[in-house]
Amino acid sequence: MELVTYPHPALLRKTRPITVEEATSAELQARVEEMREIMHQSDGVGLAAPQVAWSVRLLLISPAGTRESDELLLNPVIKARRGKVVGEEGCLSFPGIYVQVERAREIDVEFLDDQGQIRRETRKDFAARVIQHELDHLENILLLHRMSPADRVRVKRDLEALSQSSD
Ligand code: NI
């Protein structure tokens with residue numbers, strides 16, 4: 001398993017849901033553990049499965065940046081959004097690029113946990129932002145698609161450099 005960066009095609013592959021059987025499987029646990037390693041080694045606060053070329057609806061978040069705060073969300077769906085806030089975002093698949101993105105300040109998110117149980121939780125501020133960013137990856141929406149026209153111009157060269165370094 002390896003972190004993939006823009007414009008790797010895996011970032012734009014359709015994702016499939018995780019089954020309840022898979023949610024509790026040793027194979028999934030092993031893959032998630034690999035993802036945790038990658039996320040923390042890269043100082044990330046979130047990682048979605050497509051970023052390791054795994055096309056499933058799975059995301060890891062670690063808003064506090066510590067292993068203790070890691071959370072696994074399977075098949076996440078945002079059920080409600082409240083408020084709006086603009087803030088800076090980066091992405092492990094766009095190293096060195098930071099842009100302003102508008103997100104809901106607070107969300108209710110429903111997901112399957114690693115026990116195969118459906119949970120619904122309310123998250124706000126940074127944790128809500130991280131979940132919204134990672135959930136975008138499951139829909140093949142990238143930082144590139146969220147940035148303002150002004151940011152698009154500002155980071156154009158960086159994006160081109162990323163594209164060329166992958167050739
Ligand atoms: Ni990202």
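Colleague: Happy to start with a helix. Which residues of α3 are buried?
Modeller: Helices here are DSSP runs of H or I with at least four residues, strands are runs of E with at least two, and both are numbered from the N terminus. Buried means under 20% relative accessible area, exposed over 50%, and partly exposed in between, using a 1.4 Å probe and protein chains only. By that rule, the buried residues of α3 are Ala127, Ala128, Arg129, Val130, Ile131, Gln132, His133, Glu134, Leu135, Asp136, His137 and Leu138.

Colleague: Before we go on, what kind of model is this, and from which number are residues counted?
Modeller: It is a predicted model, in which local features need pLDDT of at least 70 and side-chain atom pairs count only at pLDDT 80 or more, while totals for chains, interfaces and linings use all residues. Side-chain values use heavy atoms, leaving out hydrogens and water, and numbering runs along each chain as its sequence is written, from 1.

Colleague: Back to the helix: what do the buried residues of α3 pack against?
Modeller: The helix is mostly covered, with twelve of its 14 residues buried. Counting a contact as heavy atoms within 4.5 Å, those buried residues pack against β1, β2 (58-61), β3, β4, β5 (118-124) and α4 (143-146).

Colleague: Now the metal. Which residues are the protein donors of the nickel ion?
Modeller: Donors are N, O and S atoms within 2.8 Å of the metal (3.2 Å for Na, K and Ca), and water is not among the atoms, so sites may look incomplete. In sequence the donor residues are spaced C-x41-H-x3-H. Lying 2.0 to 2.2 Å from the nickel ion, they are Cys91 (SG), His133 (NE2) and His137 (NE2).

Colleague: How many residues apart in sequence are the parts that Cys91 and His133 tie together?
Modeller: Cys91 is in the loop between β3 (71-89) and β4 (99-112), whereas His133 is in helix α3 (residues 125-138). The pair therefore ties together parts of the chain whose separation in sequence is 42 residues.

Colleague: Is Asp43 buried or exposed?
Modeller: Asp43 lies in the loop between α2 (26-41) and β1 (46-48). Its phi is near 55°, a positive value in a residue other than glycine. With a relative accessible area of 69%, Asp43 is exposed.

Colleague: Which ring pairs with that of Tyr6, and how are the planes arranged?
Modeller: Rings of Phe, Tyr and Trp (its six-membered ring) pair if their centres lie within 6.5 Å; planes under 30 degrees apart count as stacked, over 60 as edge-to-face and the rest as tilted. That gives one aromatic pair. Its centres are 4.9 Å apart and its planes at 20°, so the partner of Tyr6 is a stacked Phe94.

Colleague: How many residues apart are Tyr6 and Phe94?
Modeller: Tyr6 is in the segment before α1, and Phe94 is in the loop between β3 and β4. Tyr6 is buried at 17%, and Phe94 is buried at 0%. This pair links parts of the chain that are distant, at 88 residues.

Colleague: Finally, which residues have the most contacts inside the largest nonpolar core?
Modeller: A nonpolar core is a set of buried Ala, Val, Leu, Ile, Met, Phe, Trp, Tyr and Cys residues joined through side-chain atoms within 4.5 Å. The largest has 18 residues, and α2, β2 and β3 each give two or more. Its largest share, five residues, comes from α2. The residues with the most contacts inside this core are Trp54 and Leu58.
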